[in-house]
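Reader: I have a model open and want to go through a few spots. Can we start with a loop?

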Amino acid sequence: ASVGSAPGHSSRGVDHARPAHLSAPPTPDGRFFARTSFECARRNFLRACRSSEPAVAIGATAVPDLDSRLVRTEAAYLDRRTVADVDRKSLRAAFKRFQMPHGLEVAKEELPELVLRLGLTMAKGDDVLRIADVITPYNELDFEEFLKFVDLYFKEEHQRLTSLFLEHDPDKTGKLSVDSLRNLMPNIGLVPMHSMMLEALAMIGTDIQGKLDFEALVCFLAVYRHAEGWSRPEVAKLHKVFMEWVQEDQEDQEPPRSPGLGSEPTLSVAQVGQALVHVFGLQVQQEATKLQMQAARLCRRRGEGAPPTPEQLKVRELRMDFREFLIVARWLREAELERVRIEFRSCMSSETGTITKEEGLPTVLRNLGYEPLRAVIAELMQDVQCEVEGRLNLEEFFHFLGIFQARDGFLLSELEEMQKAFRKFDEDSSETIDVSELATMLRAMGYYMGLDDLHMFVKEVDVNRRGSLDEAEFRRLMRLRRDGELKMFRTIFEKHAAGEGKRRLDPRSYAAALEDVLSDLKVETYDVLGSVARAAASTLAVPKGGVDFEAFFRIAEVHRNRAVGRQKRYAGFPTEALVQLKNLFLKYDSDASGVIDAQEIEGLLKDMGIANRTVEEQRALIAQFDAARGLAVEAGVEPLCKPGSGSVCFWVLVQLMRLLRIEEERTTEAREAKVVEEFMFSHAEVEDFREVFLRWTRNGGKHVTEDDSDEGTFAKHGVMFKARPDSIQEGLSKETFFKLLVSLGVSLTMKEKEELEHRITEADLDETGRVSFLGFLSLMRWLLDSDFGGVNGAAQQTVSKADAKLFARRRSVTLEVDETQVN
């Protein structure tokens with residue numbers, strides 16, 4: 001029992017005998033070196049709280065109670081005092097958090113979560129309950145019994161940690177190397193993360209080359225556990241996202257607080273899944289959704305008996321504070337690391353426990369859903385210190401993957417270019433890009449699409465559902481685009497590649513593969529206008545040995561960009577629209593000069609419905625002509641018409657039509673914002689309704705898969721060329737609207753049908769008499785407010801959950817843990 005107890009004279013005056021090989025020599029002032037670990041930790045934590053670096057200061061102050069943990073650790077492991085003697089206040093607060101609503105006890109079944117709350121991870125649920133059974137045979141513990149439970153828990157953990165220390169110190173030196181520490185940590189439920197290990201070692205006054213005696217070990221573990229294994233920069237990032245979602249949650253509504261929570265900011269458990277996706281990225285969406293149930297158990301109303309079913313659990317009634325958010329974030333990281341560990345072991349050498357940089361590393365990344373490029377791997381490897389050159393063990397791969405994910409798989413130079421583009425097109429300096437600004441950016445890149453598709457693309461990565469993208473979300477949008485291109489290019493490459501493993505393209509197959517790239521991207525030729533958009537693959541010299549995939553990707557990307565650049569002169573209009581515009585232009589170009597002068601232009605403007613009566617309108621039109629001329633020049637066309645002359649040539653007319661379309665889109669956006677405010681829909685609700693509207697206007701309500709359609713989203717295809725042309729007008733016919741209601745389980749009487757038909761005719765309609773999206777929103781508001789045809793009740797019963805959940809009278813989000821229900 002004396003093994004692992006504090007040596008000699010402690011700073012609290014308690015003397016314990018212990019084996020010589022675990023003792024530390026005294027300092028000149030009679031104190032022991034071991035206690036300097038705790039002193040260093042306290043001193044360094046205070047420095048971090050006062051740091052001028054925001055990430056360090058926020059990361060420290062967001063979880064401020066390190067001293068309480070250190071006091072408990074010293075008492076339990078070194079002074080052999082009861083924890084209640086030194087930290088009764090924090091234990092009381094934790095107990096109250098889990099106290100039964102109408103009593104003074106805590107249920108035993110709550111103890112595993114309570115232990116987590118205290119940051120104790122060594123014992124599993126069954127061990128926790130076994131210890132509680134020693135204290136009392138009953139199903140509840142009062143506070144004094146809880147204190148006895150905590151004391152016994154620490155004693156058992158102390159004994160186990162002592163045994164593990166001796167097991168990993170076979171030479172009985174009384175000290176552990178950092179490698180031994182890494183091997184020990186999984187035995188007590190901790191995942192050794194490189195960045196946090198460095199931080200915790202620095203906190204206790206050592207480094208990666210140092211050695212730890214028993215006292216330094218328990219201090220290290222206290223520091224490591226304090227923020228659930230997250231380093232300060234990671235805590236700062238998690239805290240930033242947490243507070244953003246807290247603010248969003250409070251703006252949405254103010255649900256009741258869970259018992260035991262004070263005035264600290266809390267987040268609805270309903271928002272936890274999306275908040276985690278905001279932190280970790282879209283690849284964790286399914287796992288984050290599953291974790292909501294576990295999070296709900298951690299935060300549910302205490303003492304209500306058996307855990308509620310998903311149908312009974314209204315998660316908006318449940319709140320979690322930041323420490324609990326850290327716990328759930330740790331769960332998610334551990335689940336992801338386990339998935340990574342499985343893929344790593346499937347590719348590693350059984351002899352060395354490592355993977356090679358050339359073959360194993362790309363394979364593991366692809367198995368995890370990434371498409372790695374050699375240049376990216378080479379750059380990232382410069383930041384990873386490997387024990388064996390060119391090979392990575394599991395911990396080194398964890399470190400590599402963390403950097404890879406932080407950079408979204410891009411080179412630093414690419415990230416810099418994205419940052420410049422983001423700031424350039426952030427026209428209002430809001431540090432976000434809205435749909436209008438994104439449209440401007442994409443047009444500058446040669447991509448054109450309608451507002452509805454843009455909204456859907458933004459929705460793919462707009463985790464906080466605010467209708468705009470911050471810089472991280474914008475990077476993820478570009479990552480999805482890159483992954484989609486890589487996936488498509490690899491499919492084409494493997495189709496044409498020859499040789500063993502299909503790893504190279506010869507000159508003949510290279511030309512065919514490149515042609516397939518441009519064909520799959522639907523790069524149009526517009527031969528009727530005398531332009532050629534396809535790149536001439538045959539003009540490129542291909543090495544005799546052929547090209548591998550990465551070389552093919554880089555070359556194909558260059559050709560793709562050139563082809564897209566050529567399309568900028570078409571301003572995103574499809575062939576049919578350009579032919580019509582060309583015919584209209586030729587009608588008024590009476591002298592076939594290629595320029596319509598100021599006298600000839602009146603008829604053209606009248607046919608196009610463009611006002612040109614007043615002096616102000618004429619000046620505005622000349623300004624638009626000049627702006628269109630500038631766009632034509634940017635698109636690589638040298639216009640025949642002169643600036644300021646009021647004349648126009650064909651390619652300037654094309655750009656003018658684009659400018660008019662942009663004005664029309666902005667007007668539509670402004671009208672939509674006004675309607676949304678009037679009808680009191682949230683932005684998230686509007687985007688969900690838009691998804692339903694587009695699915696019914698385009699596919700009759702059918703959920704289209706990647707194989708069914710060429711018009712998918714970034715998440716499926718990754719490239720914007722497959723969006724619908726923005727000249728296609730979306731509208732919902734009366735018949736389709738009735739089908740939508742039928743799919744929701746609504747049965748209408750003849751009188752109700754007549755009333756609905758009347759409402760449809762009064763809604764906002766497009767030129768063909770179909771319901772526009774604004775009209776659809778107004779109809780939805782009326783349907784919900786009047787519960788027309790019992791739509792609210794019918795929608796709750798129908799199996800078409802993807803649409804029905806939008807028609808609830810109030811948003812009451814229930815947890816869906818069944819994977820089949822996760823969209």
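Reader: Where is Asp408 found?
Author: Asp408 is found in the loop between H17 and helix H18 (412-425). Helices here are DSSP runs of H or I of at least four residues, strands are E runs of at least two, and both are numbered from the N terminus. This is a predicted model: local features need pLDDT of at least 70, side-chain atom pairs count only at pLDDT 80 or more, and totals for chains, interfaces and linings use all residues. Residues are numbered from 1 along each chain as its sequence is written, and side-chain values use heavy atoms, with hydrogens and water left out.

Reader: What is the phi of Asp408?
Author: Near 55°, a positive value in a residue other than glycine. Most residues other than glycine have a negative phi.

Reader: Is Asp408 buried or exposed?
Author: Asp408 counts as buried because its relative accessibility is 12%. The cut-offs are under 20% relative accessible area for buried, over 50% for exposed and partly exposed in between, with a 1.4 Å probe and protein chains only.

Reader: Back to H17. What caps its N-terminal end?
Author: Asn393 does: a side-chain oxygen lies 3.3 Å from the backbone nitrogen of Glu395. A polar contact is a pair of N or O atoms within 3.5 Å; within protein, one must be able to donate a hydrogen and the other to accept it, and residues adjacent in sequence count only if both atoms are side-chain atoms.

Reader: Which residues of H17 are buried?
Author: Leu394, Glu395, Glu396, Phe397, Phe398, Phe400, Leu401, Ile403 and Phe404.

Reader: How many residues does H23 have, and what is its reach?
Author: H23 (residues 549-567) has 19 residues and reaches 26 Å from its first C-alpha to its last, close to the 27 Å expected. The expected span is 1.5 Å times one less than the number of residues. Its buried residues include Phe549, Phe552, Phe553 and Arg560.

Reader: What is the crossing of H3 and H10, left-handed or right-handed?
Author: Right-handed. A crossing is right-handed if the near helix is turned clockwise from the far one by less than a right angle, and left-handed if anticlockwise. The contact involves residues including Leu66, Leu70 and Tyr77 of H3 and Val218, Ala222 and His226 of H10. Contact means heavy atoms within 4.5 Å.

Reader: New topic. Where is Val771 found?
Author: In the loop between helix H30 (750-762) and helix H31 (773-786). Val771 is buried, with a relative accessible area of 1%. Beyond its neighbours within four places in sequence, Val771 is in contact with residues including Phe693, Gly731, Ile760 and Leu779. The C-alpha atoms of Val771 and Phe693 are separated by 9.8 Å, though the two are 78 residues apart along the chain.

Reader: And Thr61, what does its side chain reach?
Author: The backbone oxygen of Ala57, at 2.9 Å. Thr61 lies in helix H2 (residues 54-61). At 42% relative accessibility, Thr61 counts as partly exposed.

Reader: Last one. What is the mean pLDDT of the protein?
Author: The mean is 77, and 79% of residues reach 70 or more. pLDDT is the predictor's confidence in each residue, from 0 to 100. Over residues 254-261 pLDDT is below 50, and over residues 797-823 pLDDT stays under 50.
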